[in-house]
Amino acid sequence: MSEATLSASQRLGFLNDDIQALKDAHLYQTLRTLQGPQDVECIIDGKKVINFSSNNYLGLTHHPALIEAAHRAIDTHGVGTASVRTIIGTMDIHQELERKLADFKHTEASLVLQSGFMANTAAITSILGEGDVILSDSLNHASIIDACRMMKQVPTKVYQHKEMNQLEDLLKETRHARRRLIVTDGVFSMDGDIAPLPDIVALAERYDAIVMVDDAHSSGVLGKNGRGSVSHFGLEGRVDIQIGTLSKAIGAMGGYVAGPEVLRNILINKARPFLFSTSHPPSVIMSCMAAIQLLESDTTLIDRLWENTRYFKAGMQRIGFQADSETPIVPVIAGSSEKAQRLSQRLFEEGIFGQAIVFPTVARDKARIRIIVTAAHTQAHLDQAIHTFEKLGKELAII
Ligand SMILES: *Cc1c(COP(=O)(O)O)cnc(C)c1O
């Protein structure tokens, strides 16, 4: 009787060792709570702060057009689909959004998945098989890495971040493979740098490889009307597979794969997240539709995003911080992990929310605050952040 009355927390008590190990390595995390919408001025754990850590590049998470679209969708289509896409979970609006995303990306077709994470899983696991090889940038997103790991019969060869000579060597080395897939983030999330897509495409064309770009941080940010890195470099028609997320700049939730019709059709038949997980609720689909409409009709928000980005970086460099990048993701280098964590804590106390990114996510001496500038920040928000960074940079002897 007594053995049978162990509580779940007793039975899972062994996990406390894992938790202690995480704490010892300074990797243990707890959740901060946002009270209210994902806005620039927000309340986190009861404290009013200016938010510099969300991926809400265009401020669309609470844009009136997206909210209204969600309300309308609930009235016309209800709150859920209660089915996977392949049974009875494909509504007219799912098809319409996919048509719209394909038009937006200038591809033949697209397919929406539950998230960007799932879009990467779906694409990589559905198109490759025995005899194929994946060539992957060392700083690619975790969802790409995990998708590659799922392909037990397909080796992944990792090239150092943006090292095109190494990529070429790998292409030569793997010339006897059946097919090669080169996969890269369009914008890398920790440094805010852009993949050398023209070089990657040129190599792929020379060595007959497939190219897949994950534009999670570039859609709504880079390229004409926010079409992403492929448009940014004028490479439309030369990148085979584009992954996008609907969860960042687009403001809602989801991911998609854009490319030729044949790709969409194979994913519909083979992608396990598509086949075995319920489709998006109508409200989310219609919010995404409204977001894409907004991007196509008006570049005001994207223009403001880039103006704000330039303004913030110039200000940070003027006060002596190393704060350089090619996109609205601005890594503000603090030095040691300890210093970055201390700076993040002090920023919070002073009303600025900027997340510390430390080893092992980045190099030991390059711990940083990752700032994401958005279109929704006002000049006053940016000035206040720069002013606070100046004060704390001096206080912590970083500048
Ligand atoms: C955020 C991100 C994803 C995951 O997208 P979700 O829609 O949040 O699942 C995938 N790839 C990259 C490069 C990302 O930055």
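Predicted model: local features only at pLDDT ≥ 70, side-chain atom pairs only at ≥ 80, totals over all residues.
**Exercise 1.** Determine which residues of α8 are buried and how they are placed around the axis.

*Solution.* Start with the cut-offs: buried means under 20% relative accessible area, exposed over 50%, and partly exposed in between (1.4 Å probe, protein chains only). In α8 (residues 197-207), the buried residues are L197, I200, V201, L203, A204 and Y207. They lie on the same side of α8, because their arc around the axis is only 165 degrees; the arc is that of the directions from the helix axis to the C-beta atoms. Next, find the cover: it includes β6 (156-159), α7 (164-173), β7 (180-185), β8 (210-214) and α9 (229-232).

**Exercise 2.** Describe the packing of α14 against α15.

*Solution.* First take the geometry. Helix α14 (residues 337-349) packs on helix α15 (residues 379-395) at an angle of about 135 degrees, and their axes are 10 Å apart. Axes are lines fitted to C-alpha atoms, for helices over the stretch in contact, and angles run from 0 to 180 degrees between N-to-C directions. The two helices are therefore oblique to each other (under 35 degrees is roughly parallel, over 145 roughly antiparallel, 65 to 115 roughly perpendicular, the rest oblique).

Then list the contacts (heavy atoms within 4.5 Å). From α14, L343, R346 and L347 meet T388, F389, K391, L392 and E395 of α15.

**Exercise 3.** Classify H381, Y28 and D365 as buried, partly exposed or exposed.

*Solution.* H381, in helix α15, is buried at 9% relative accessibility. Leaving aside neighbours within four places in sequence, H381 contacts V40, E41, I50, F52 and A376.

Y28 sits in the loop between α2 (15-24) and β1 (34-35) and is partly exposed, at 36% relative accessible area. Not counting residues up to four places away in sequence, Y28 touches I19, L22 and K23.

D365, in the loop between β13 (355-357) and β14 (367-372), is exposed, with a relative accessible area of 53%.

How values were computed: Residues numbered from 1 in each chain as written. Heavy atoms only, no water. Helix = DSSP H or I, 4+ residues; strand = E, 2+ residues; numbered from the N terminus.
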